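I opened a new notebook for this chain. My plan is to look things up one at a time and write down what I find.

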Amino acid sequence: MVNYTNRGMVALESCMGHEIAGPDRHERAQSAAHFASLGFPGCVGLIDGTLVKLSQRPRDDGETYFDRKSNYSLNVQVVCDENKRVIYFFAGMPGSCHDVTCLRLSSLWGRLNSPQLFDFGQYLLGDSSYVPLERLVCSYNRTGGDMDKVSFNTCIAHARVGNEHCIGILKARWHSLKEIRTQLKNAGENAYVIRWLQCCVILHNYLIWRKDDWSEDDHPIELEGEDEFRRPPHGVRDTNRRGIERRQEVQDLCLAFNRRPGGLLYR
């Protein structure tokens, strides 16, 4: 059984370059057109983090895997497009690590300004657990009663439903992602679990490509949503000047679009 499982994983991993790949320029243009219809011109993807529960406390440094939900888990960063296809994911960090920390340790961090991932003016959309960057527009941690910020957060939450559905479908399709039933004892076992997650993502993308639509009526998914415990940890502030300016630019365009007749904020 172990041998057959490993062979199946090797076969799936050979497809990774095709099934988990950043969009090309044409695909980014399609994504940008979709998100522009929601008031976010230039957005080409949605980013979020999720926790994959572990059934047992890891042997080494187990306390670092203890997360905000009082479980042992791994933090997984997921970037998806408007079709809920995963275009990037990063896994392996302990559940106690914050989304911002995981993003900074991922390969995506060093490629945020890469022309292979973004054209001029393009960016990812995230929740308040991230900090604003030129290529990452996120919602506000604290609005201070500013109705423009409150409205902008509402628009982002509306657009980001696709990412929450993507993660929900991924976990609903592959029940092993609800709880990894093994104990991490060494780096090899950690790498094996990451490979397992990777294979689940490959199959998820393959089914989307085959247009195997997920019926929420027959198979309801669990949405994780956003909570205050996922806000950037103390000491991590919105200090990227260009990122703050970029968020303000996107906010102005978003609010102007969604306050028109028929828009999300139209009253």
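Are arginine 160 and aspartate 127 buried or exposed? I checked, and arginine 160 is buried, as is aspartate 127. I note at the outset that this is a predicted model.

**Entry 1: arginine 160 and its partners**

I looked up the salt bridge between these two side chains. Arginine 160 and aspartate 127 meet at 3.6 Å, N to O. The pair links distant parts of the chain, 33 residues apart. Arginine 160 sits in the loop between α5 and α6, and aspartate 127 in the loop between β4 (123-126) and β5 (136-138).

I then looked for other partners of arginine 160. Aspartate 48 forms a salt bridge with arginine 160, and their closest N and O atoms are 2.8 Å apart. Aspartate 48 belongs to strand β1 (residues 43-54), while arginine 160 is in the loop between α5 (147-159) and α6 (161-173), so this pair ties together parts 112 residues apart in sequence.

Why does aspartate 48 count as buried? I read its relative accessibility as 3%, and buried means under 20%. Arginine 160 also has a relative accessible area of 3%.

Glutamate 164 forms a salt bridge with arginine 160 too, with the closest N and O atoms 3.7 Å apart. I found both glutamate 164 and arginine 160 buried.

Next I noted a network. Salt bridges with shared partners join Glu134, Arg241, Arg242, Glu245, Arg246 and Glu249. My search of the whole structure gave 17 salt bridges.

**Entry 2: the annotated span**

I turned to the UniProt record. This unreviewed entry lists residues 47-205 as "domain: DDE Tnp4". I looked up the ends of residues 47-205, and their C-alpha atoms lie 16 Å apart. The span is 33% helix and 21% strand.

**Entry 3: helix α5**

I checked the length of α5. The helix has 13 residues and reaches 18 Å from its first C-alpha to its last, close to the 18 Å expected at 1.5 Å a residue.

Which residues of α5 are buried? I listed Ser151, Phe152, Asn153, Cys155, Ile156 and Ala159. An α-helix has 3.6 residues a turn, so residues three or four places apart point the same way. I then looked up what covers the buried residues of α5. The cover includes α3 (25-36), β1, β4, β5, α6 and α8 (241-258).

I also looked at the start of α5. There, a side-chain oxygen of aspartate 146 comes to within 2.9 Å of the backbone nitrogen of aspartate 148.

Serine 151 lies in α5. At 12% relative accessibility, serine 151 counts as buried. Not counting residues up to four places away in sequence, serine 151 touches Leu255, Arg259 and Leu265.

**Entry 4: the nonpolar cores**

In soluble globular proteins, nonpolar side chains tend to be buried together. I looked for such groups here. The largest nonpolar core has 38 residues, and Phe40, Phe89, Leu125, Phe152 and Leu197 touch the most other members.

Which elements give two or more residues to this core? I found β1, β2 (72-80), β3 (86-94), β4, α5, α6, α7 (187-209) and α8. The largest share, five residues, comes from α7. Another core lies apart from this one, with 20 residues, among them Met93, Leu103, Leu124 and Leu136.

I followed up phenylalanine 89. Setting aside residues up to four places away in sequence, phenylalanine 89 touches Ile20, Val76, Gln77, Ile194, Leu197, Gln198 and Val201.

**Entry 5: asparagine 75**

I found asparagine 75 in strand β2. At 2% relative accessibility, asparagine 75 counts as buried.

What does the side chain of asparagine 75 reach? A polar contact of 2.9 Å joins it to the side chain of glutamine 77. Another polar contact, of 3.1 Å, goes to the side chain of aspartate 99.

Leaving aside neighbours within four places in sequence, the contacts of asparagine 75 include Thr50, Leu51, Phe90, His98 and Cys102. I also checked a distance: the C-alpha atoms of asparagine 75 and cysteine 200 are separated by 15 Å, and the two are 125 residues apart along the chain.

**Entry 6: lysine 178**

Lysine 178 is partly exposed, with a relative accessible area of 38%. Its C-alpha atom is separated by 24 Å from that of glutamate 82, 96 residues apart along the chain.

Conventions. Residues numbered from 1 in each chain as written. Predicted model: local features only at pLDDT ≥ 70, side-chain atom pairs only at ≥ 80, totals over all residues. Heavy atoms only, no water. UniProt positions renumbered as here; feature names shortened; annotations may be inferred. Helix = DSSP H or I, 4+ residues; strand = E, 2+ residues; numbered from the N terminus. Salt bridge = Lys/Arg side-chain N within 4 Å of Asp/Glu carboxyl O. Buried < 20%, exposed > 50% of the residue type's maximum accessible area, 1.4 Å probe, protein only. Expected span 1.5 Å × (residues − 1). Contact = heavy atoms within 4.5 Å. Polar contact = N/O pair within 3.5 Å; in protein donor to acceptor, adjacent residues only side chain to side chain. Core = buried A, V, L, I, M, F, W, Y, C linked by side-chain atoms within 4.5 Å.
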